[in-house]
Each structure stands twice: as structure tokens, then as C-alpha cells.
Amino acid sequence: MTSEQPFKIAVPDDALVLLKRKLDDTRLPDEVDAAGWAYGAPLADIKRLVSRWKDGYDWHTHERKLNALPMFTRTIAVDGFGELDVHYVHEKSAAKGAIPLLFVHGWPGSFLEVTKILPLLTSVSADHPSFHVVAPSLPGYAWSEGVLKKGFVVEHYAELFNKLMISLGYSEYVTQGGDWGHFLTLAAASKYGPEHVKASHTNMPICDPPTLSENPITFLKCLIASFTSHEREAAAASQSFFKDGAGYIAEQASKPQTLGFSLADSPVGLLAWIYEKLVAWSDAYPWTDDEVLTWISIYWFSRAGPAASIRIYYELAHLDNPKRVRFPETSVPVGFSFFPKEVVHLPRVLLRAQAKIVFESEHEVGGHFAAYEQPEALVSDLRTMFGKSGPAAGVVPGCTGY
Amino acid sequence: MGSEQPFKIAVSDDALALLKRKLNDTRLPDEVNAAEWAYGAPLADIKRLANRWKDGYDWRTHERKLNALPMFTRTIEVDGFGELNVHYVHQKSTAKGAIPLLFVHGWPGCFLEVTKVLPLLKAVSADHPSFHVIAPSLPGYAWSEAVLKKGFNAKHYAELFNKLMISLGYTEYVTQGGDWGHILTLTAASLYGPKHVKASLTNMPICEPPTFGTPIVLLQCLIASFTSREREAVAASQDFFKSGMGYFREQSTKPQTLGFSLADSPVGLLAWIYEKLVTWTDSYPWTDDEVLTWISIYWFSRAGPAASVRIYYEIGDAVVGFPKTTIPVGLSFFPKELARFPKVLLRSKGRIVFESEHEAGGHFAAYEQPEALVGDLRKMFGKSGPAAGVVSGCDGY
């Protein structure tokens, strides 16, 4: 384990020149008339974004902005996988008793997702708790090294995170995550809580369906539960996601290498693949072109390349003994935030059976990328959960948040 | 409806230059150690193929070879969709009574799949029947125009084929198909048989699973004693359904999203298709140039590669079907086909007059096992075959 190295993104000129050349040579597909979003990312949108990326979008401006973030790299050894160089954002609060918080992104997310909540979480006030924030890039994302050995699964991510937090002096901490961050932070809570992980918050609460043999009481509860119209609508939206919106999972979980050739070689291909999700999964978030292009550029210029980022789907779909993957078992207190345009919605009665749920909040606006779309709402939830007289107040000894 | 135009492929120099430039700028992904085929197309294979495509592979040589085929285009009108310009191979036999045969490819196939069976089907002999062969490129494939209106489904393909055959003077004909060719030819049989379509042979015999609505069939399937070969094949099918259908799920839901990659990245297109060429065949000894010609047809296609995957969106799960038809049907089973459905189930779906079980061959039967497939057609349609003389005045001799 090496010491912390301050990190600045510095995409070489060669890489920028290659991207420009590829963009200049973009060959676009045809499209059926009046396709809208029905067939995937609309041609007009992608055309416009490509034109901007080619001429007008200035990576260096955005690189400079990102470099204003407190970023670092450090090497962490994971049993059986050797040392992995991890890129992360680490911002300390000025409050002495600030709560250490591990924030974990997912796909097609990145450390960018922490940028809006960062100033809110670290702000100091008598009225709300403050946090020290650690937001790593998952291996194979942004500037974290990719894993080149098969079988890097939940417990390895958990080990990586736990060792990272401990190396930063946070032997006790809480977690927040959505998308893969949900799975992986709860895996950390399962493996390292309550000794290290004291509490977890998720903005994408999902779990495995109950079975009559394994969870009879929960199974029966789900059968007889009366769902609110809210829940019924949400369930219908989930069905729609699995039916029409989950093709990417099927490919990424089975043939990530095949898809990876396209994502690594084609800027417009990568753009369309991710942009489709940025729009479909957010709640009418008013993406600007440059915002999208920065998001995609992080994937394009990532240390391991875009193909590495999707292998997590394969590895976690090929577990020898898949048990409670969607919601690992943990004794630490857990909090839920429900955002209306999240892609998967499960019955509350089922989710509440997964752990000691001490906090729930229901929002009127927001989707999958909660920290990015609704930073105040998400931070407010964390402040309520962990603040004075909150249901998880003082879980981290000596770190009340004030 | 336009008249027949002889067709020669003539990819522009500009298009060749762009491909070369893109190949020169290829950016390859990383790969986990010892991945081999587990994660998809292996990096070493794609690297080698991309290098060959960049330097060494000569498109013009292969273009010339393809142009030796009897190819044509003609405009066919489809109700609700206007006129579509269709590219097709049309080879007549010298036998006066040759049987007109419509051959329909699938994805990621193309008219190339007919090239090896063509000389065999055309051959004239007292010992076996001869065929006139019509092999269209599906709309959006090779040099057939793509459909740009939503909703072009199986019955529209059937209408297109039927009109094509009739326009060529074949008011009665038989069909052969696999992959999309299976559902599309059987749909044609369902809609235009027995008046026009007289019989069909499929090399990808699949159908809807039995339900409680067909209790006898369901029971038969449950108690059928499968041969060990059927058991192996069914097990292999499970594998395909479990981890080989990612392409299907994406193509049937977000073809446009995927289309950006396939249209823009030669190596992306190469990997996407090559993975199937290898995993869906029975150890077929692909040469690099063979693969590259196959991919190049997609790359240089009239509508571009994105158009070819829309059929999955428009037809989707209905591809697993066996439309009701009264005409005689033949089933050719090849051991490495993707999905094996129980014979007892398939037999309940139509008038199955012919079955054959092969020892070698996979999904691309006409290309991998041309003699075997033609052998089946000859048996089915030859003198004293179970579908002998189905086409009036065309006994094949």
C-alpha cells in the first residue's frame, strides 16, 4: 500500500488528436422515421452532440474544472488480486467531529456524481451534520486501474473500499451508494460492519425476490400487501425497464469483451450507449451538451478505457454462489431514499425485510443519478439520518457531525 | 414495380479510404488475462483480423468474385411501405422442370450464405432434382434498401418475397431458410401457401413452447424420451438462452443505440459479428479473408449496419414461432444449431414430411454444410421424395 498521491487529470495531446480525428471520420447510422426514443438514442441528439464534441467542446476547460477537486491516487492491495491503483476524491470537512462518508458510484456513472453534493456534505453548521467525503472511482473507471484478473467480485470491492477508508484514517465510517454503489456499499456493510461500516444509505434500494422456502414470512407479506397507487405505478415502470431497458445488462453480463471493442474504438458509439441512459434514467434532468460530453469524455479518456468499466456486470453475473447479491445481509442500520424516476422499484414491505431500516424518504422529483440530479434532496436525507436526534445519530463514535 | 436490373457491387474509393483511415485509428480495449472466449470475441483474434483488414485484405478482389454471381435489383411494392429496392441472387437451372427455390438468410448472415449451395442446387442430373434459386438480401442488408417506416414485420417480408418470386415468373415455389429465414419463409408459407408457397425446409426448426392450452403436446414433451443427442442439444440450448442472448436483448429493444457503434466502428462491427460466426458454427475453419468479406458486406451495405438489426425490434420474440401452414414442411437438424426444440413438439406444429439429423454443422448450415443441406433438399423434393412434384410442372428434372 503506497501513500496518497495528489492527482491531476492530464489527458495527453495525442489522445485529444485521436479523438478529434475519429470524430471527424464519424459515420452515422440511418434511422426510421419519427423514431423518437423508441429505438434508442435519437439520431438528431447524437448528431448534435458529435458536432459539439468535434468543434466547440473544450476538454481542457473541463479538465481544469475537474482538477480543482481534491483528487488523489493510492495503491491498495486486494487479496488474490495484487495492488490496484485507486483514484478518488477526498474532501475533509472543517468540523472536528465530521462523519466519514464513503460515496460509491455505479455505471454509467463516475466520480463526477459526487461533485454537487461535495460542498453540501462538507459544509459546517450547527443545524446539520458535516461529513468527510471519500469518493473512489471503481476499478476500471475514470483514473482507477482496471482489474485484469477474473473473478473480482463484491467482497473484493468491499475489501478495496475498507482498506482505502482505513488508510485515510477512517476506521469507522458510513456509506452512500446507488446503482453498483448500492450493491457494493452494502457488501462492505455486510463484510466490515459493524466494526468498520457503521451505517449505510442507498438511493437505489433493491433486493432479491422472496421465495416461499427461504423467506416465507416476507413472501406471504408481499402477497397480501396492499400497494399504494404510487407503488403500482412504480412497479409498472420497473416492468417496463426489465422488458425494454435492460438489453445493455444482458450483453454486458455475458459478452463484455465483444461490446468493449465498440466502446473503446467509437466515440459516437460510446456516446450513444451512455447518453441513452443519462436521459432515460434521469427525471427530466436538463443535461447541457457539455455536461454530457464531459461525462462521456471521462469514459473515453479513462485510464483502462471504456471496455473495462462494463466487466463488473460479467463478474457479478458469474458468481459461484450467488446469495443476497442485490442486498447483502448486514446488521448495521440502513437508510433508503426513494426517487420517483429510479429504474427499479420494489415493494416497500419487501425492502424493509432486508435489514434494520431506520430511515426512509420519498421524493417527488429525481431519478437514478440522485446525487447529481437532486443533490440538496439527497444531502438533506443524509443530514436527517445522521444529524442530532436522527435515527443513525452518532453511529460513528466521536463523529457526531459537528 | 420496376423491372429487373443486373447488379454489380461497386464500393466507392471514398468508402474504402474511410475504412482504411478508421482501421488505422483503431483503439483496442484491454482484456482480462486468459479470457479466451468467455468474455466475448478474444482480443488476439480481433487484433489479427483488424490488422489484416487494414493491410493485406483486398476488397476489390472479393468484390470481383461476388460480382461473378448472378445478382440483380428490382423494386417491389409492399402495402403500406411503398417501394423497396431489393438486391438478390437469381440463378436458373438448365433443367426445364427445375424447382423454383426461395432461399432466405438471417442475421448476421447475408446472400453470401447461398454461394456454396448455388452450384449444387443448379446441377442437373437424372439422380437428383435441380432448382432455380432466388436469394434476396433482406431489406437493410447488403444492397437491399432499408425500410425507414416503423412496423415492417414478418407478413411484410412474406409479401415482399412472394411478389419478388411472382415478378420473376415463379407463381409456385418452395422455400429454404434458417435464422430469420425460418420465421420469414414459414410466414410466407402461412400467408401464400398452398397457392404460391408449396413446401418449406427449415434448418433452424423452432416453435413456440407448448402451453397448457395444448395439453396433449405439453404432456408428450414432458414424457418424451429424448435421445442422448437431443438431451445434449437441449442442454446446449439452455446455455445459449442463459448467456448467448445479449445481442438479441439489445437489438430487440435499442437497435438505434447499438447502431451508432456498428455504423461507426469497423472493429466494433467485426467483433459483434465475428463472435457469432465462430460460436454459432461447428468448428468451421474460417479464414481471415472469409470473415473480412462477410463483415465488409455489412460495413459497405447500402443502408449501413445499423439497419440490419432493426428486424429484431420489429419482430422480437415472435421469431420463436412456427406459423400455421398446411403445406409440407421439412426439418433439418444440425448438431450445433443454437436451440434444439423437441421433435415431438415440432411435429405438432405442421405437416412435417421430412426430417434429417446431421452429424456436423451449426447455425449457418448452407455455408458450413452445403452438401448436407442440398442433400436434404434433393431427398425432400426428388423423385419419390415426400414433397416430390409439389410445384406443378416442376419435378426438378
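Reader: Where is the place of His368(A) in chain A?

Author: This is a predicted model. In it, His368(A) sits in the loop between strand 9 (357-362) and helix 16 (370-373) of chain A.

Reader: Is His368(A) buried or exposed?

Author: His368(A) counts as buried, because its relative accessibility is 4% and buried means under 20% relative accessible area.

Reader: Which residues does His368(A) touch, leaving aside those up to four places away in sequence?

Author: Its contacts include Trp107(A), Asp179(A), Asn203(A), Met204(A) and Trp281(A). Lys341(A), Glu342(A), Val343(A) and Glu373(A) are also among the residues that His368(A) touches.

Reader: And with which side chain does the side chain of His368(A) make a polar contact?

Author: The partner is the side chain of Asp179(A), at 2.7 Å.

Reader: Where is Asp179(A), then?

Author: Asp179(A) lies in the loop between strand 6 (173-177) and helix 6 (180-192) of chain A. Asp179(A) is buried as well, with a relative accessible area of 9%.

Reader: What does Asp179(A) touch, not counting residues up to four places away in sequence?

Author: Asp179(A) touches Gly106(A), Trp107(A), Met204(A), Trp281(A), Tyr313(A) and His368(A).

Reader: At which residues does UniProt place the feature "active site"?

Author: The UniProt record, an unreviewed entry, places that feature at Asp179(A), Tyr313(A) and His368(A). From this set, Asp179(A), Tyr313(A) and His368(A) belong to the lining of the largest pocket.

Reader: Changing topic: in what order do the strands of the open sheet in chain A stand?

Author: The sheet has 9 strands in the order 1-2-3-5-4-6-7-8-9, and the pairing is mixed. Strand 1 (5-6) and strand 9 of chain A are at the edges; each has a single partner strand, so one side of each lacks a neighbour in the sheet.

Reader: How many bridges join strand 6 of chain A to strand 7?

Author: Strand 6 and strand 7 (residues 197-202) of chain A run parallel and are joined by 5 bridges. Within this pairing, Gly177(A) stands opposite Thr202(A) in strand 7 of chain A.

Reader: What about chain B: how many residues of strand 4 are buried?

Author: In strand 4 (residues 99-104) of chain B, 6 of the 6 residues are buried, so the strand is largely enclosed by the rest of the structure.

Reader: Which residues are on each side of strand 4 of chain B?

Author: Ile99(B), Leu101(B) and Phe103(B) are on one side, with Pro100(B), Leu102(B) and Val104(B) on the other. Both faces are covered. As a general point, side chains in a regular strand alternate between the two faces of the sheet.

Reader: Which strands pair with strand 4 of chain B?

Author: Strand 5 (residues 131-136) of chain B pairs with strand 4 in the parallel sense over 4 bridges, and Leu101(B) stands opposite Val133(B) there. The chain passes from strand 4 through helix 4 (residues 117-122) to strand 5 of chain B in a right-handed β-α-β crossover. Strand 6 (residues 173-177) of chain B also runs parallel to strand 4 and is joined to it by 4 bridges. In that pairing, Val104(B) has Gly177(B) as its bridge partner.

Reader: How many residues of helix 10 of chain B are buried?

Author: Helix 10 (residues 255-264) of chain B is mostly covered, with 10 of its 10 residues buried. Among them are Pro255(B), Phe260(B) and Asp264(B).

Reader: One last item: where is Val379(A) found?

Author: Val379(A) is in helix 17 (residues 375-386) of chain A. Val379(A) is buried, with a relative accessible area of 2%. Not counting residues up to four places away in sequence, Val379(A) touches Ile117(A), Leu120(A) and Leu121(A).

Notes:
Residues numbered from 1 in each chain as written. Chains lettered and ligands numbered in written order. Predicted model: local features only at pLDDT ≥ 70, side-chain atom pairs only at ≥ 80, totals over all residues. Heavy atoms only, no water. Buried < 20%, exposed > 50% of the residue type's maximum accessible area, 1.4 Å probe, protein only. Helix = DSSP H or I, 4+ residues; strand = E, 2+ residues; numbered from the N terminus. Contact = heavy atoms within 4.5 Å. UniProt positions renumbered as here; feature names shortened; annotations may be inferred. 1 Å grid on protein atoms, 1.4 Å probe; cavity = no way out; pocket = protein on both sides within 12 Å on 5 of 7 lines; lining within 4 Å. Polar contact = N/O pair within 3.5 Å; in protein donor to acceptor, adjacent residues only side chain to side chain. Pairing = 2+ DSSP bridges. Right-handed = clockwise from strand over helix to strand, strands pointing away.
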